[in-house]
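Have the viewer open as you read.

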Amino acid sequence: MWRLARAADDEAIVELCAQLYREDPSPEPVPEAHARRPLAALRAEPARGRALALDVDGQVRGYAMLVSFWSNELGGEICTIDELFVAAEVRGRGWGSGLVRAVLHDRAIWPGEPVAFELEVTPSNARARALYERLGFEPRRNASMRLRRAHVARSEARE
């Protein structure tokens with residue numbers, strides 16, 4: 001079942017993050033600190049979102065990082081599923097759809113009622129894309145764009 005992640009879960013979640021990035025690599029290496037930082041931040045500031053642990057038979061077998069933001073366009077809170085990972089040996093048991101149900105209905109997991117969910121998925125991750133499509137996720141019309149702070153600093157240094 002999905003539950004709020006506890007400090008005692010951090011090591012297992014950090015290892016699961018590493019598994020995620022081995023299976024579905026990011027364009028740049030992801031340092032271990034990038035997994036630890038949001039766990040601490042989301043516990044300290046729950047209004048930002050939640051870190052969840054998937055507890056299967058007393059072991060952390062998956063995790064999700066959920067982030068909240070307000071959308072003027074949609075008139076409410078959007079729950080962004082920043083990361084969702086379930087260990088290979090327990091996949092295919094409905095944990096992904098269970099996560100969406102938990103966010104919608106379990107106020108201990110997510111205190112508000114989001115007007116929408118958002119997530120990103122790599123085009124080559126067919127299994128995840130199929131899950132998200134079954135759950136009703138659709139591609140957005142607008143392209144996602146990002147400006148990283150480090151890039152801005154490098155640009156400013158050249159000026």
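Predicted model: local features only at pLDDT ≥ 70, side-chain atom pairs only at ≥ 80, totals over all residues.

**From surface to rings**

The protein chain exposes about 10400 Å², an area from the Shrake-Rupley method with a 1.4 Å probe, where for residues only the protein chains shown count as cover. Residues are numbered from 1 along each chain as its sequence is written, and side-chain values use heavy atoms, leaving out hydrogens and water.

Now for the fold. The protein chain has five helices and five strands, taken as DSSP runs numbered from the N terminus (helices H or I, at least four residues; strands E, at least two). Along the sequence, the pattern reads β-α-α-β-β-β-α-β-α-α. Of the 159 residues, 37% are buried, meaning under 20% relative accessible area with a 1.4 Å probe and protein chains only.

Next, look for the rings. A search of the whole structure finds three aromatic pairs (Phe, Tyr and Trp rings, the six-membered one for Trp, with centres within 6.5 Å; planes under 30 degrees apart are stacked, over 60 edge-to-face, the rest tilted). One of them joins Y132 and F137 edge-to-face, at 5.7 Å centre to centre and 65 degrees between the planes. Y132 counts as buried because its relative accessibility is 11%, and F137 is buried at 17%. Together with F117, Y132 and F137 form one aromatic cluster.

Note on methods: Buried < 20%, exposed > 50% of the residue type's maximum accessible area, 1.4 Å probe, protein only.
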